[in-house]
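Me: I would like to learn how to read the features of a model like this one, one at a time. Could you give me the general idea first and then the case at hand?

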Amino acid sequence: EENKAFKKIQFKILNIENFRILNSYLREIRADIVFHTAALKHVNFLENNISQAIETNVLGTENVLESAYKSKIKYFVHISTDKAADPKNILGITKLISEIKCQKYVNKNNMKIAIVRFGNVFNSNGSVAERFKTKLLKVQKIVITDQNVTRYFMSGTEAANLIISALEIIFKSKNLKHCRTFVCDMGNPIKIKDIAKKMIFLSGRSINKYLSKSYSGLASGEKKEEKLISKNEKIINIFNKKILEIKKNKLYKEIVDLDFNKILYNKKEKYIKGLIKKIFI
């Protein structure tokens with residue numbers, strides 16, 4: 001049954017940074033729903049590649065939103081990250097800006113918009129669990145950044161359920177006045193060190209031998225602890241005891257109409273980094 005369903009899926013390789021091609025394709029397929037999942041998500045990489053972070057995470061999102069609007073898409077689900085809550089790094093900042101850009105499309109063409117914030121999806125591509133697994137398969141020691149670093153984790157099933165739940169909520173809602181933001185209650189954050197210990201133990205190896213006693217230190221922009229909800233937000237609804245709807249108390253109006261195309265063309269990376277960090281940090 002799964003194979004039959006999979007055969008119905010059509011794949012198309014597109015670059016979200018190319019508005020013309022993206023817009024043409026969405027008009028052609030006449031979709032009802034857009035799930036915007038494309039992004040650059042690696043913290044360390046983006047700290048040194050801010051122009052590309054903006055190109056993909058901000059301008060790419062604007063292109064998808066504008067194409068969806070022009071194609072009369074009914075439902076738009078934007079995938080964000082917990083790093084957008086009180087952001088300290090370029091990834092979190094660009095993803096928060098992408099959330100803010102969604103506000104521009106409220107009430108346009110009756111398109112309903114939902115933002116969902118993921119925590120770390122366990123064992124996803126580039127995740128810490130995947131990196132630890134690779135180390136163990138290569139019979140190498142695991143080195144962590146700091147013994148007190150914690151992160152929120154969710155399973156692939158929880159991530160999928162969050163997306164579908166958010167879509168169901170906006171589908172049933174008659175409210176078109178604002179873009180709605182949802183997060184999954186992932187329980188308490190988990191120490192990265194504890195995950196490393198557990199994975200080493202389950203692999204049948206010695207924790208003393210395969211967990212380094214020295215720490216590499218946090219990279220620029222990394223936090224010891226993540227948040228799901230920022231100091232400028234509050235929980236306004238709870239669905240199925242698991243899905244939290246949050247509301248922004250601060251909308252960063254200075255960002256909504258900022259022309260990042262113009263900024264990227266005229267300014268150096270150091271200036272851009274200083275500008276956006278001054279607004280958010």
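Reply: Let us begin with K72, which is placed in the loop between α4 and β2 (75-81); helices (H or I, at least four residues) and strands (E, at least two) are DSSP runs, numbered from the N terminus. The model is predicted, so that local features need pLDDT of at least 70 and side-chain atom pairs count only at pLDDT 80 or more, while totals for chains, interfaces and linings use all residues. Residues are numbered from 1 along each chain as its sequence is written, and side-chain values use heavy atoms, with hydrogens and water left out.

Me: What is the phi of K72, which is not a glycine?

Reply: K72 has a positive phi of about 60°, although K72 is not a glycine. The residue is also exposed, its relative accessible area being 60%, where the classes are buried under 20% relative accessible area, exposed over 50% and partly exposed in between (1.4 Å probe, protein chains only).

Me: Where does V139 lie, and is V139 buried or exposed?

Reply: V139 belongs to the loop between α6 (128-137) and β5 (150-151), and with a relative accessibility of 51% it counts as exposed. V139, too, has a positive phi without being a glycine, here of about 55°.

Me: How should I read the packing of two helices?

Reply: Two packed helices are described by the angle between their axes together with the distance between the axes. The axes are lines fitted to C-alpha atoms, for helices over the stretch in contact, and the angles run from 0 to 180 degrees between N-to-C directions. In this model, helix α4 (residues 50-70) packs with helix α12 (residues 269-280) at an angle of about 60°, the axes being 9 Å apart. That makes α4 oblique to α12, given that angles under 35 degrees count as roughly parallel, over 145 as roughly antiparallel, 65 to 115 as roughly perpendicular and the rest as oblique.

Me: Which residues in α4 and α12 meet?

Reply: From α4 come I50, S51 and I54, and from α12 come E269, I272, K273 and I276; contact here means heavy atoms within 4.5 Å. Sorted by class, this contact of α4 with α12 has four nonpolar residues, one polar and two charged, where Ala, Val, Leu, Ile, Met, Phe, Trp, Tyr, Cys and Pro count as nonpolar, Asp, Glu, Lys and Arg as charged, and the others, Gly among them, as polar.

Me: At what angle do the axes of α5 and α12 cross?

Reply: The axes of helix α5 (residues 90-102) and α12 cross at roughly 70° and come within 11 Å, which makes α5 roughly perpendicular to α12. On the α5 side the contact is made by I90, I93, L96, I97 and I100, which meet K273, I276, K277 and F280 in α12. By class, the contact of α5 with α12 has seven nonpolar, no polar and two charged residues.

Me: How many aromatic pairs does the structure hold?

Reply: A pair of aromatic rings is described by the distance of the centres and the angle of the planes. The structure holds four aromatic pairs; rings of Phe, Tyr and Trp (its six-membered ring) pair if their centres lie within 6.5 Å, and planes under 30 degrees apart count as stacked, over 60 as edge-to-face and the rest as tilted. One of them joins F122 and F153 in an edge-to-face arrangement, 6.0 Å centre to centre with 70° between the planes. F122 lies in the loop between β4 (120-121) and α6, and F153 in strand β6 (residues 153-154), so the pair ties together parts that are 31 residues apart in sequence. F122 is partly exposed at 41% relative accessible area, whereas F153 is buried at 10%.

Me: Which ring does the charged end of R205 sit over?

Reply: The charged end of R205 sits over the ring of Y210, 5.6 Å from the ring's centre, the criterion being that NZ of Lys or CZ of Arg is within 6 Å of the ring centre and within 35 degrees of the ring normal.
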